[in-house]
Amino acid sequence: MSAALRIGATGFGLIAVCYGFARFALGMFLPQIDADLELGASLSGVISGGSFLGYCIAIVVSAWATERFGARRVATGAAVVAATGMAGIALAPSPLWLAAAVMLAGSSTGLASPPMAAAVAAAVRPARQDVTNTVINAGTSAGVALSGPIALALTGQWRLAFGAFTAVALFLAMAASRVLPTVRGGDSEGGLPALNGLVLQLIGASLLMGMASTALWSFGGQLVTLRLGWGSAGVGMFWSCIGAGGIAGAWAGALVGRFGLDRVHWAFLAAMAAGVLAVGSSITSPALALLGGVLFGAAYVMLTGGYLIWGVRAVAARPATGLMIGFLTIAVGQTAGAPLFGVLLDRLGAAEAVTVFAVAALLPGMFSARRVATPVGT
């Protein structure tokens, strides 16, 4: 088995567990958790934002740790942290406990991504790196897509679902410890790279996209419940559509190679805005909401794949740190966006909150990646 296939398959599974289960599945189960623990929209937003805050802290630590201790150890640790956090969610007796467990589970995603970028940069030939990185990144959508049928099978049993997710995370920890290389994440350790124009453009784009994405990642389940009266079965189907759409993100590397980062960026920002409106507007229907989920899933995974490529090329000597910059600022935007959407939903209503966030989804198009359009090493 080639290095690209071996690392790609393990990384795909790890990202599916950490992102799809430990981080984003919360939004699908939030209506049920809200009913059991009496959270309310504003507190739900704060707790969801805690997941993104945990990610922000962890991805900085992960980039440093990958450069110091190697990809295998950090990736294995990410799966263990995901398992621990999801076990905490499954057992949560109160909102405070839930908030702590959500933050821990969400931090696993920050730990998982930098070591995978380092492993790909070291062990996969340059011409295949963009494709391998974006296939790994598309693991998010697989995790989200799988969590939907699990929710349907375990209707209303969110604690049991997170218990099952915990078991899968422990399996991935064993796989990562056996398969991934011990390579470190760059030629130097510690410190921030130069904040040149390429990096600043990436920060601006990823920050705004992250904020806009929380409309559905954090509140998608509540929006379809509010607009369409869907219960757990409907929400699970909607979540599966997001995941299925996200599989398109596996082709981000190929699309960027053919059309360039800027064109791919603009196209999928528009798709994200359309997806948010389709799900949350007052004129939505079941078919339109499901289509919106597909659009949103495809757009989000495609955009994060683009930011991954952008960051790794902008800081080519330190791929773990390059990925960290883009993904960290996505999470900073999500940390601010989740509670903001919750407040808008409470005070203004769904139509206004959705409109504001759909407009925000278009704003990252102000930033350009054209100076990093040529792949490194090709």
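This is a predicted model: local features need pLDDT of at least 70, side-chain atom pairs count only at pLDDT 80 or more; totals for chains, interfaces and linings use all residues.
Guide: A helix, in what follows, is a DSSP run of H or I at least four residues long, and helices are numbered from the N terminus. Let us start with Thr166, which is found in helix H8.

Visitor: Why is Thr166 counted as buried?

Guide: Buried means under 20% relative accessible area. Thr166 has 12% relative accessibility, so it counts as buried. Setting aside residues up to four places away in sequence, Thr166 touches Ala83, Met86 and Ala87. His265, by contrast, is 99 residues from Thr166 in sequence and 34 Å from it in space, C-alpha to C-alpha.

Visitor: How do you know that the length of H8 agrees with what a helix should span?

Guide: The expected span is 1.5 Å times one less than the number of residues. H8 runs over residues 158–179, and its 22 residues should therefore span 32 Å. The C-alpha atoms at its ends are 31 Å apart, which agrees.

Visitor: Which residues of H8 are buried, and what puts them on the same side of the helix?

Guide: They are Trp158, Ala161, Phe162, Phe165, Thr166, Ala169, Leu172, Ala173 and Ala176. Around the axis of H8 they cover an arc of only 145°, and therefore they lie on the same side. As background, an α-helix has 3.6 residues a turn, so residues three or four places apart point the same way. The face of H8 turned away from the buried side carries the exposed residues Leu160, Phe171 and Arg178.

Visitor: What covers the buried residues of H8?

Guide: The cover includes helices H1 (3–23), H2 (25–37), H4 (71–91) and H7 (139–153).

Visitor: Let us take H1, then. What makes Ile7 a buried residue?

Guide: Ile7 lies in helix H1. Its relative accessible area is 1%, and the cut-off for buried is under 20%, so Ile7 is buried. Leaving out neighbours within four places in sequence, Ile7 is in contact with Met116, Ala119, Val120, Ala123, Ile136, Leu180 and Pro181.

Visitor: Why is H11 described as mostly covered?

Guide: Of the 15 residues in H11, 12 are buried. Among them are Val235, Phe238, Trp239, Cys241, Ile242 and Gly246. The buried residues of H11 pack against H2, H7, H9 (197–217), H10 (220–228), H13 and H14 (286–314).

Visitor: Ala233 and Gly246 are both given a class. Why is Ala233 called partly exposed, and why is Gly246 called buried?

Guide: Ala233 is found in helix H11, and its relative accessible area is 41%. Buried ends at 20% and exposed begins over 50%, with partly exposed in between, so Ala233 is partly exposed. Gly246 also has its place in helix H11. At 0% relative accessibility, Gly246 therefore counts as buried.

Visitor: What does Gly246 touch?

Guide: Not counting residues up to four places away in sequence, Gly246 touches Ala138, Ser141, Gly297, Ala298 and Val301. Gly246 and Gly139 are 107 residues apart in sequence, but their C-alpha atoms are 8.7 Å apart in space.

How values were computed:
Residues are numbered from 1 along each chain as its sequence is written. Side-chain values use heavy atoms; hydrogens and water are left out. Helices (H or I, at least four residues) and strands (E, at least two) are DSSP runs, numbered from the N terminus. Buried means under 20% relative accessible area, exposed over 50%, partly exposed in between (1.4 Å probe, protein chains only). The arc is that of the directions from the helix axis to the C-beta atoms. Contact means heavy atoms within 4.5 Å.
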